[in-house]
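Hi,

Here's the structure I promised to pass along. Have a look when you get a minute, and then read on for what turned up in it.

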Amino acid sequence: MKPPAFDYIAATSVEDAVAALARSEGEGKLIAGGQSLMPMLNFRLAGPAVLIDVGRIAGLDGIEETDEGLTVGALARHAALETSPGVAKHLPVLAEAMRHVAHLAIRNRGTIGGSLSHADPAAELPLMAVLLDAVLHITGPEESREVPAEEFFIGALTTDLEDEEMVTAVTFPYLPAGCGWGFEEVSRRSGDFALAAAAATLSFEGSVISEARLAVTGVDDLPLRISEAEEGLMGGELTEEKISAAAESVQASVNPNSDAQASADYRRHLIGVLTARVLRAAAARATGGGL
Ligand SMILES: Cc1cc2nc3c(=O)[nH]c(=O)nc-3n(C[C@H](O)[C@H](O)[C@H](O)COP(=O)(O)OP(=O)(O)OC[C@H]3O[C@@H](n4cnc5c(N)ncnc54)[C@H](O)[C@@H]3O)c2cc1C
C-alpha cells in the first residue's frame, strides 16, 4: 500500500524540528529511520499532515562516554550500539539485546530515538532503558527536560512525550564493576518481535547479592521492572528457591496478551522460564560460577 499524502520538511537542527512540530499543532510527526513509521503510514494506521525528517540533523548520532554514563544520540542506529566498543565495555547486556532487534538491514536504519519514542511493548531498547535506569533527554520549543525511562513509558505505543517534543539522546549509567548480566528472548522466527524477553543484572559482595535488577517485555503494555522480585533476590546467595520465587513474582506481575503468535498463558509461562535463565546467567557472569 501507499501512504496518504503529506507535506515534508527536512529539519536541519533540533530547534528547527521542534518548531515545525509546534507549527503543525498536533498534525505533524517526526521521521527518523522510518522503520516503524513508514509501515504505519503504508497501512494507513497513521496519517500525519506533515512529516518532519530529522535524519539529516548533524551531531545526533554519537555514542559518548560521559561521567554519568554512555550518552547515545537519538540518531544512533541499533547497529551502532551492537558494534560500539564503548557499549561492549560498559554495557554488554545492551549490545546483546541489540542483536535481537529485527534484521540487520532494519538495525542499520532504525534509530535509538525512534525506537524509544515508538514504545513498542515488545521492543528491546525500551526494555534496556528500564533495566539500566536510563534517562531520556527531551527538547521542546520552550525548554529541555530529562525523564527517567520508567516514567517515560506509559503504555503500548504511548510515552510521556508531548506532541511538539523530540528525544535528542539517552544516557545509560555504566554497570558497576563486576556486575553480571543476562538477556533472553524468544520469538517465533529470528528477527521477529519478542513473544517475551527478560533481562537482569546482579552485583555481589562476596557471595551476597548487593544489587539486583530485573526487567521484562512482551508480556504487558510496557516494559516492566519487577521490584518485588528484585527485593527478594537481595542479600544472601542466589539459590534455586530465590530463582523460583523471582519467576513466580514476575508471572504474577505481568498482564500478557493473547494473539496469533501466542496465548497469554504461554507468554506467562515463558517469562517465568526466561527469568530463571537470566538470573542464572547474571550470577555466572558475576561470580565465574553459577547454579
Ligand atoms: C520487519 C520489522 C521487524 C522489526 N522488529 C523489531 C524488533 O524485533 N525489535 C524492535 O525493537 N524493533 C523492531 N522493529 C522496529 C525498528 O526497530 C524501528 O526501527 C524502531 O522501532 C523505530 O526507529 P526508527 O528510527 O525507524 O523510527 P521511525 O519509524 O522513523 O519513527 C517511529 C516513531 O518514533 C517517532 N520518532 C522518531 N524519532 C524520534 C525522536 N528523536 N524523538 C521523538 N519521536 C521520534 C516518530 O514520529 C514515529 O512516531 C522492526 C521493524 C520492522 C519493519
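Predicted model: local features only at pLDDT ≥ 70, side-chain atom pairs only at ≥ 80, totals over all residues.

Ligand first. The shell around it has 30 residues, and the closest are L30, Q35, L37, T111 and E124. Sorted by class, that shell comes out as 13 nonpolar, 14 polar and three charged residues. Helix 7 (112–118), strand 2 (28–31) and strand 10 each put in at least two residues, with helix 7 giving the largest share, five residues.

An oxygen atom of the ligand sits 2.7 Å from a backbone N or O atom of L37, and a ligand oxygen is 2.9 Å from a polar backbone atom of S36. On the nitrogen side, a ligand nitrogen atom is 2.9 Å from a polar backbone atom of V167. The ligand taken alone exposes 970 Å², and the protein buries 88% of that.

While you're looking at strand 10, which runs over residues 166–172, check out T168. T168 has a relative accessible area of 13%, so it counts as buried, the cut-off being under 20%. Leaving out neighbours within four places in sequence, T168 touches V14, L60, G73, A74, H137, I138 and T139.

Now the salt bridges: the count is 13.

- R56 and D53 pair up through their side chains at 3.5 Å, N to O.
- R107 and E82 have their closest N and O atoms 2.8 Å apart. R107 is in helix 6 (residues 104–109) and E82 in helix 3 (residues 78–83), so this bridge ties together parts 25 residues apart in sequence. R107 is buried, at 9% relative accessibility, and E82 is buried too, at 16%.
- D160 and R145 come to 2.7 Å between their closest N and O atoms. D160 is in the loop between strand 9 (158–159) and strand 10, and R145 is in strand 7 (residues 144–148), so the pair links parts 15 residues apart in sequence. D160 is partly exposed, with a relative accessible area of 24%, and R145 is partly exposed as well, at 24%.

Cheers

Methods
Residues numbered from 1 in each chain as written. Heavy atoms only, no water. Helix = DSSP H or I, 4+ residues; strand = E, 2+ residues; numbered from the N terminus. Buried < 20%, exposed > 50% of the residue type's maximum accessible area, 1.4 Å probe, protein only. Contact = heavy atoms within 4.5 Å. Near = heavy atom within 4 Å. Polar contact = N/O pair within 3.5 Å; in protein donor to acceptor, adjacent residues only side chain to side chain. Areas by Shrake-Rupley, 256 points an atom, 1.4 Å probe, with all protein chains shown as cover. Nonpolar A, V, L, I, M, F, W, Y, C, P; charged D, E, K, R; others polar. Salt bridge = Lys/Arg side-chain N within 4 Å of Asp/Glu carboxyl O.
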